[in-house]
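Thanks for asking me to look over this model. My notes follow as numbered points, starting with the core and ending with the aromatic rings.

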Amino acid sequence: DAGDSLLALLNANVQQLDGAERQRVCAEDALRHQQRSDDEDFARQLQQDERDRAAREEADAALAAQFADAYKTFRCEICFDDRPIDEVFIVRSCGHRYCRECASAGFGRDIAENRLPVICPGCRPQSIDTIVSDAELSLVLGEEKMREYLTRSLQSAAMKGEGIAPCPQTDCGGFGARSAPGEAIECNKCGYQFCFECGSVEYHAGSTCEQYQQWRRENAAGDDLLEDEAQRRGWPKCPHCQVYVGKEEGCNKVQCRCQRFSFCALCSADLSHMRDPYVHFNQRGSPCYNRLFE
């Protein structure tokens with residue numbers, strides 16, 4: 001009986017151990033299955049994420065291509081044609097865009113008709129005076145038209161009394177800008193100095209305009225005498241500043257006191273631009289040929 005009891009106890013223990021082992025094995029199998037299922041879900045999620053990323057990249061590429069095509073051209077706000085983007089002219093202060101051809105033609109008409117300053121054509125209907133700057137105009141105007149614009153701008157400023165005055169020298173066409181009251185103005189073209197306040201053809205340093213004009217009136221008779229004497233002696237008049245140059249001796253290439261102009265005493269020809277001014281007296285057929293020391 002004791003032996004049977006022991007055997008029964010051993011069998012019970014074995015069965016208990018077998019049951020525990022089976023439970024452990026089942027648990028491990030279940031864990032491995034769950035892990036395998038989780039791995040498969042994770043792999044499927046990774047695959048889906050990759051498909052989503054590829055789809056986004058494809059959509060982004062299509063959108064970028066669409067914008068790239070759109071920005072290869074622009075629409076001119078004057079002629080309303082679609083033009084290549086490298087032909088665009090933009091007025092920076094307002095953002096209006098025109099093709100260079102239309103901008104050049106439109107600004108050129110404004111300058112020719114003296115409608116200055118030049119206003120952006122897109123702002124004009126809205127009664128907004130957006131001024132196109134000199135730097136912007138230089139981008140679309142040729143050299144000759146830009147020179148005309150600057151000249152007309154100075155003329156307009158001179159007429160408005162904005163510290164700009166035309167040069168009083170004959171056939172000069174230049175302008176001078178006043179930096180301070182009472183100071184001489186220097187012409188931007190010929191360099192001649194004159195008075196802004198009274199428009200005198202010469203600067204009267206140390207004298208007021210009233211004093212200078214009084215002096216001119218008192219010396220008018222002297223001027224007439226000087227004119228007669230200059231003509232009697234054959235003194236040449238500087239073509240640059242219109243002042244007589246007294247010549248008693250020496251050659252006929254003379255230089256005025258203004259230090260900016262040399263000319264021929266016989267025919268008043270401008271010699272200041274010549275590298276060798278004496279060639280003027282050595283050219284056969286010239287009225288001054290061989291008359292350098294006449």
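1. A nonpolar core here is a set of buried Ala, Val, Leu, Ile, Met, Phe, Trp, Tyr and Cys residues joined through side-chain atoms within 4.5 Å. Buried means under 20% relative accessible area, exposed over 50%, and partly exposed in between, using a 1.4 Å probe and protein chains only. This is a predicted model, in which local features need pLDDT of at least 70 and side-chain atom pairs count only at pLDDT 80 or more, while totals for chains, interfaces and linings use all residues. Residues are numbered from 1 along each chain as its sequence is written, and side-chain values use heavy atoms, with hydrogens and water left out.

2. Now the overall picture. The protein has six helices and 10 strands; these are DSSP runs numbered from the N terminus, with helices being H or I of at least four residues and strands E of at least two. Of its 294 residues, 27% count as buried.

3. The largest nonpolar core has 21 residues, and Phe89, Phe107, Val118 and Leu137 have the most contacts inside it. At least two residues each come from β3 (88–90), β4 (97–99), α2 (100–112), α3 (134–140) and α4 (143–159). The largest share, four residues, is supplied by α2. There is also a second, separate core of 17 residues, which includes Cys172, Cys238, Phe263 and Ala265.

4. Val118 deserves a look on your screen. Leaving aside residues up to four places away in sequence, Val118 touches Phe107, Asp110, Ile111, Thr130, Ile131, Val132, Leu137 and Tyr149, where contact means heavy atoms within 4.5 Å.

5. Asp110 comes up again with Arg124. Arg124 is found in the loop between α2 and α3 and is partly exposed, at 38% relative accessibility. With residues up to four places away in sequence not counted, Arg124 touches Asp110 and Ile119. The side chains of Arg124 and Asp110 make a polar contact (3.3 Å). A polar contact is a pair of N or O atoms within 3.5 Å; within protein, one must be able to donate a hydrogen and the other to accept it, and residues adjacent in sequence count only if both atoms are side-chain atoms.

6. How many disulfides are there? With a disulfide taken as a pair of cysteine sulfur atoms within 2.5 Å, the count is zero. For Cys94, the closest cysteine sulfur is in Cys120, 3.6 Å away, which is too far for a bond. Cys209 is in no disulfide either, as the nearest cysteine sulfur, that of Cys195, is 3.8 Å away. Cys94 is partly exposed at 29% relative accessible area, whereas Cys209 is buried at 16%.

7. Finally, the structure holds two aromatic pairs. Rings of Phe, Tyr and Trp (its six-membered ring) pair if their centres lie within 6.5 Å; planes under 30 degrees apart count as stacked, over 60 as edge-to-face and the rest as tilted. Phe89 and Phe107 have ring centres 5.7 Å apart and planes at 75°, so this pair is edge-to-face. The pair links distant parts of the chain, Phe89 in strand β3 and Phe107 in helix α2, 18 residues apart. Phe89 is buried at 2% relative accessible area, and Phe107 is buried at 1%.

8. The rings of Tyr212 and Trp215 have centres 6.0 Å apart and planes at 25°, so they are stacked. Both residues lie in helix α5 (residues 209–218), three residues apart, about one turn of the helix. Tyr212 is buried at 7% relative accessibility, while Trp215 is partly exposed at 44%.
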